[in-house]
Amino acid sequence: MRDEADRLDGSGARQAMDDADHPLRSDRLSLVPLQRDHREDLLRAPADGRLWDLRFTNVPGPDTVDAYLETALVGRAAGTVIPYAIEVDSQVVGSTRFWKLDRANRKVEIGHS
């Protein structure tokens, strides 16, 4: 019991994040840990509709993708978010993240999708 509490509190944030370094897979899609290498894929996925130009979305575009990735990766290193690239048939179609991590109550929110 104490090991689990240590793993979930602030001092165990690195261990909790290490657990998130593995893909989550289903029959239809995979969530793979987001990396800087996903940059071009994240630009290609919404390019047909230039979704980054729409006012009611927050899709990273050519001018914002680097900051988007940096924020996600800094958050992962800090233990505050768990960012993923979304893959369908091994092709990146977007990204998402678990955020507002509440280790004490074992809850997260899903967003930035």
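## Close-up views of a predicted model

**View 1. The hairpin of E3 and E4.** Welcome to the turn where aspartate 89 takes a positive phi near 50°, in the hairpin of E3 and E4, which has 2 residues between the strands. Strand E3 (residues 81-88) and strand E4 (residues 91-102) run antiparallel and are joined by 8 bridges. Strands here are DSSP runs of at least two residues and helices (H or I) runs of at least four, numbered from the N terminus; two strands pair if DSSP finds at least two bridges between them. Along this pairing, isoleucine 82 stands opposite phenylalanine 98 in E4, and isoleucine 86 stands opposite glycine 94 in E4.

This is a predicted model, in which local features need pLDDT of at least 70 and side-chain atom pairs count only at pLDDT 80 or more, while totals for chains, interfaces and linings use all residues. Residues are numbered from 1 along each chain as its sequence is written, and side-chain values use heavy atoms, leaving out hydrogens and water.

**View 2. From E4 on to E5.** Next, follow E4 to strand E5 (residues 107-111), its antiparallel partner over 4 bridges. The hairpin of E4 and E5 has 4 residues between the strands, and arginine 106 in the turn has a positive phi of about 55°. Phenylalanine 98 stands opposite isoleucine 110 in E5.

**View 3. The sheet and helix H4.** Stepping back, 5 strands form an open sheet with antiparallel pairing, in the order E1-E2-E3-E4-E5. Strand E1 (24-25) and E5 are the edge strands, each pairing on one side only. Helix H4 (residues 65-78) packs on the sheet and touches strand E2 (30-33), E3 and E4, where contact means heavy atoms within 4.5 Å. The direction of H4 makes about 125° with that of E3; axes are lines fitted to C-alpha atoms, for helices over the stretch in contact, and angles run from 0 to 180 degrees between N-to-C directions.

**View 4. An aromatic pair.** The structure holds 1 aromatic pair. Rings of Phe, Tyr and Trp (its six-membered ring) pair if their centres lie within 6.5 Å; planes under 30 degrees apart count as stacked, over 60 as edge-to-face and the rest as tilted. Tyrosine 84 is in strand E3 and phenylalanine 98 in strand E4, 14 residues apart.
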